[in-house]
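Subject: Handing over the structure

Hello,

Here is the structure I promised to pass on to you. Please have a look at it first, and then read my notes below.

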Amino acid sequence: MPKEFEKVYVINLPKRTDKLDAIRLSASVTGFNFDVIAGQNGSEISPKALPGPFKEGSMPDSVIGCWRSHMQAAHNIVKNRLSSALIFEDDADWDISFRSQLVNFATGSQWLLNTPPGSTPHSPYGDDWDLLWLGHCGLAPIKDDHRRVRLENDPSTTPWIHRFNMGAIPDMTHYDNTTRIVYASDGGVCLYA
């Protein structure tokens, strides 16, 4: 189990056995076990089931299916009364150093949540979070919150010149290509960790 998550889920469209095989192989290299959430085809979701921002025809089927699949993962978390879970999509790039990245991320998260030094929070990530977003291609920082935790010398970090980004994100051009940052977010879209 990665750094104290009660359950790990991988969202996978049942017809994409190739992606499931690849993530199973990658996860086995690092000793991760996970349960599979059957991904949903967005074209099969009734327009009546869409949330407000997803007006009929306003989003591609792939986005609708992804949203519905994540809602199914959230349903499983609530149904099983889990206090934490880690959710991957089946096309996640797996890094063999993911466990150590989680340790570093936990340090940054605790600092952002003002976890008192020497205390033992219930979660290694601190105790006052609802969603931890590990990587992104568009993750808006909270307005006027300039706190950043720099995680330096991580050779697995995607160089900023190769990142596809959307929306208001922190400017990474003044960090070197082996630096990750942890910060409080006001919302996001997609991810890479």
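Let me begin with N114, which sits in the loop between α3 and β4 (138-141); helices (H or I, at least four residues) and strands (E, at least two) are DSSP runs, numbered from the N terminus. Before going further, please keep in mind that this is a predicted model, where local features need pLDDT of at least 70, side-chain atom pairs count only at pLDDT 80 or more, and totals for chains, interfaces and linings use all residues. Residues are numbered from 1 along each chain as its sequence is written, and side-chain values use heavy atoms, with hydrogens and water left out.

Back to N114: its phi is near 60 degrees, a positive value in a residue other than glycine. N114 is exposed, with a relative accessible area of 61%. Here exposed means over 50% relative accessible area, buried under 20%, and partly exposed in between (1.4 Å probe, protein chains only). D144, in the loop between β4 and β5, also has a positive phi for a residue other than glycine, near 65 degrees. D144 counts as exposed too, at 62% relative accessibility.

Next, a charged residue. D90 is found in the loop between β3 (85-89) and α3 (98-112). Not counting residues up to four places away in sequence, D90 touches V10, I11, N12, L13, R16, K19 and I23, where contact means heavy atoms within 4.5 Å.

Now the interior. A nonpolar core is a set of buried Ala, Val, Leu, Ile, Met, Phe, Trp, Tyr and Cys residues joined through side-chain atoms within 4.5 Å. The largest one has 22 residues, of which I23, F34, L86, F88, F98 and Y125 touch the most other members. At least two residues each come from β1 (7-12), α1 (17-29), β3, α3 and β5 (149-151), and α3 gives the largest share, five residues. A second, separate core of seven residues includes Y9, A73, I77 and A85.

Finally, the aromatic rings. The whole structure holds five aromatic pairs: rings of Phe, Tyr and Trp (its six-membered ring) pair if their centres lie within 6.5 Å, with planes under 30 degrees apart counted as stacked, over 60 as edge-to-face and the rest as tilted. F32 and F98 make a tilted pair, 5.7 Å centre to centre with 45 degrees between the planes. F32 lies in the loop between α1 and β2 (35-38) and F98 in helix α3, so this pair ties together parts that are 66 residues apart in sequence. F32 is buried, with a relative accessible area of 4%, and F98 is buried at 6%. F5, F105, Y125 and W129 form one aromatic cluster, and both F105 and Y125 are buried.

Enjoy exploring!

Best wishes
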